[in-house]
Amino acid sequence: MSAVSTFARRLVVTKASASNASLFASTASRALSTQSFAQGRSDHADSASVFAMMAAAAGLATTAGVGAAQCEIRDPKTTYGINAENVMKMELTKRISEQPKAPLPAVVLEPVEDAAVVPSKPSRQEEEAVVATSPASTKTANPSDPHAEPCTTMSPEEARLEAATLKAKKHGGGLKLFSGNGNMGLSLEIAKLLGVNLGRATVSSFADGEINVMIHENVRGKDVYIIQPTCPPVNNNLMELLLMVSCLNRASARRVTVVIPYYGYARQDRKMTARVPISAADCARLLESMGVDRVIAVDLHCGQIQGFFGPRVPVDNLEGGIVGIDHFGGKDLHNPVIVSPDAGGVYRAKKFKEGLAYKYGWEDIGIAMIIKQRARAGTVDQMDLVGDVKDCDCIIVDDMIDTAGTLCKAADVLVAKGARRVFAFASHGLLSGPGNERIANSKLEECVILNTIPSTPQRSANEKLVELSVGPLLAQTIFNIHAKRSISALFK
């Protein structure tokens with residue numbers, strides 16, 4: 001009992017707030033538990049009674065309004081007594097911070113009728129500020145406050161950096177774009193429209209003429225698109241395409257899609273005589289054996305080329321005429337007539353006519369056809385016109401222009417039959433041999449082609465030749481395929 005009385009005499013009682021009564025009781029119980037182990041079980045009952053009486057007295061004093069007691073434990077014999085003062089201060093600080101603050105009085109805004117609000121002119125700094133994610137928040141972050149909310153206002157330079165970061169995150173997850181040497185200009189245009197960079201790759205030739213292909217970035221698990229037309233030089237471009245497909249498959253690309261704006265060997269699609277190959281089908285088998293997953297082409301020479309690929313390789317044959325429709329729709333045409341230069345192109349001419357009628361409301365569009373008889377490949381013996389073109393503006397629609405012999409003769413026939421003006425549209429302008437010169441000296445008013453094949457300075461110098469870009473159509477197709485969207489919706 002002497003130890004308890006000594007401990008009690010060392011308690012300093014001062015006036016405190018009402019919330020210290022419970023703190024005193026908990027402090028006394030913890031001190032008692034510590035001392036009981038040091039002095040044995042004999043003094044436990046007496047110590048308990050003393051602390052209980054003191055805690056009750058403190059609570060009674062608080063209830064009566066006299067004030068509570070704050071106890072400072074200074075007993076060096078107990079472990080708890082050494083740091084009790086600091087513990088009590090921390091407890092008091094915590095309880096004061098946890099007490100709910102009185103709410104601010106509500107401010108009622110009275111509506112003001114017929115009040116003209118004159119907006120203030122923003123300053124130059126406010127105009128240049130760019131709000132990132134939370135336009136409603138205009139608070140500025142305090143650097144000294146670690147719990148302050150981040151600032152949501154960025155400078156123009158920070159906004160550009162954030163836009164570049166979001167762009168990299170958007171396209172860094174799956175889409176990869178590569179190109180061979182077939183049409184680098186078109187590939188760069190498509191990459192710019194998609195907002196991605198062309199993949200780093202080496203596609204060159206060794207000294208002995210062999211093709212060298214090397215990919216310089218990771219494509220594992222990526223969705224890869226290769227843009228490569230098989231235009232002249234046909235064999236080199238075709239071999240580049242095959243080796244690039246093989247290289248990407250061996251590099252563990254998830255899917256390889258080839259974009260072929262111009263499909264070479266497309267005119268050898270059937271056996272016209274004995275002992276000849278069907279080269280269009282053989283090229284399809286080569287691509288399929290290399291592991292192509294999908295093919296995107298523009299205006300195949302004949303639709304059955306899509307069937308040369310197996311059922312596991314879908315083929316999207318895009319209609320290049322949709323680009324020409326916008327061009328000719330802006331012209332003031334008198335009694336327009338769409339002309340097919342052969343029987344196989346009647347369907348293409350009909351689709352071109354339907355596109356003009358649907359988009360521009362031209363209901364009085366006629367259609368005509370020229371039946372040609374060839375003496376041999378590249379040479380036309382005779383042409384006969386089916387349809388009326390007198391006092392009409394004619395548009396000859398074809399899939400390609402090679403030497404332009406058929407096109408120029410068709411223009412002569414139409415002018416001889418009374419046509420006012422003759423235009424021409426073709427998706428692929430090969431213009432082999434004298435083709436460019438023939439168009440320049442022909443009776444054509446204008447010849448429109450797409451950039452599926454790279455241009456040359458001679459074409460640029462030809463005033464009758466107009467080149468339109470197929471890049472937006474191909475870029476939108478790639479985006480729709482990558483995003484698993486419809487492609488047929490582009491042509492409605």
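How far is the sulfur of C392 from the closest cysteine sulfur, and in which residue does that sulfur lie? The sulfur of C392 is 6.1 Å from the closest cysteine sulfur, which belongs to C394, and this is too far for a bond. The structure is a predicted model, in which local features need pLDDT of at least 70 and side-chain atom pairs count only at pLDDT 80 or more, whereas totals for chains, interfaces and linings use all residues. Residues are numbered from 1 along each chain as its sequence is written, and side-chain values use heavy atoms, with hydrogens and water left out.

**Cysteines**

- With a disulfide taken as a pair of cysteine sulfur atoms within 2.5 Å, the count comes to zero disulfides.
- C392 is buried, with a relative accessible area of 10%, where buried means under 20% relative accessible area, exposed over 50%, and partly exposed in between, for a 1.4 Å probe and protein chains only.
- C447 is also buried, with a relative accessible area of 0%, and its sulfur is 8.3 Å from the closest cysteine sulfur, in C408, which is likewise too far for a bond.

**The parallel sheet**

- Five strands form an open sheet in the order β5-β8-β9-β10-β11, and the pairing is parallel; two strands pair if DSSP finds at least two bridges between them, and the elements themselves are DSSP runs numbered from the N terminus, helices being H or I of at least four residues and strands E of at least two.
- The edges are taken by β5 (175–179) and β11 (315–318), each with a single partner strand, so one side of each is left without a neighbour in the sheet.
- Neighbouring strands of this sheet are turned by 20° against each other on average, direction ignored, with axes being lines fitted to C-alpha atoms, for helices over the stretch in contact, and angles running from 0 to 180 degrees between N-to-C directions.
- Strands β5 and β8 run parallel and are joined by five bridges, and L177 stands opposite Y225 in β8.
- Helix α7 (residues 184–194) packs on the sheet, where it touches β5 and β8, and its direction makes about 165° with that of β5; contact here means heavy atoms within 4.5 Å.

**Nonpolar cores**

- In soluble globular proteins, nonpolar side chains tend to be buried together.
- The largest nonpolar core has 37 residues, of which L177, I190, F352, L474 and I478 touch the most other members; such a core is a set of buried Ala, Val, Leu, Ile, Met, Phe, Trp, Tyr and Cys residues joined through side-chain atoms within 4.5 Å.
- Helix α15 (residues 471–482) gives the most to this core, with five residues.
- Once neighbours within four places in sequence are left aside, I478 is in contact with L175, L177, I190, L194, Y225, V259 and I296.
- Another core, of 33 residues, lies apart from the largest one, and among its members are V245, L287, I305 and F309.

**Salt bridges**

- A search of the whole structure finds 13 salt bridges, each being a side-chain nitrogen of Lys or Arg within 4 Å of a carboxyl oxygen of Asp or Glu.
- D223 forms a salt bridge with R254, the closest N and O atoms being 4.0 Å apart; D223 lies in strand β8 (residues 223–227) and R254 in the loop between α8 (234–250) and β9 (255–260), so the pair ties together parts that are 31 residues apart in sequence.
- Within this pair, D223 is buried, with a relative accessible area of 1%, whereas R254 is exposed, with a relative accessible area of 52%.
- R348 and D398 also meet through their side chains in a salt bridge (4.0 Å, N to O); because R348 lies in helix α11 (residues 346–360) and D398 in strand β15 (residues 393–401), the pair ties together parts that are 50 residues apart in sequence, and both R348 and D398 are buried.
- R420 and D391 form a salt bridge at 3.6 Å, N to O, with R420 in the loop between α12 (405–416) and β16 (421–429) and D391 in the loop between β14 (379–386) and β15, so that parts 29 residues apart in sequence are tied together.
- Salt bridges that share partners join D391, D393, R420 and R421 into one network; R420 is partly exposed, with a relative accessible area of 43%, and D391 is partly exposed at 39%.

**Strand β7**

- I215 lies in strand β7 (residues 211–215) and is buried, with a relative accessible area of 17%.
- I215 and L248 are 33 residues apart in sequence and 7.8 Å apart in space, C-alpha to C-alpha.
- Leaving aside neighbours within four places in sequence, I215 is in contact with F178, R200, A201, C247 and L248.
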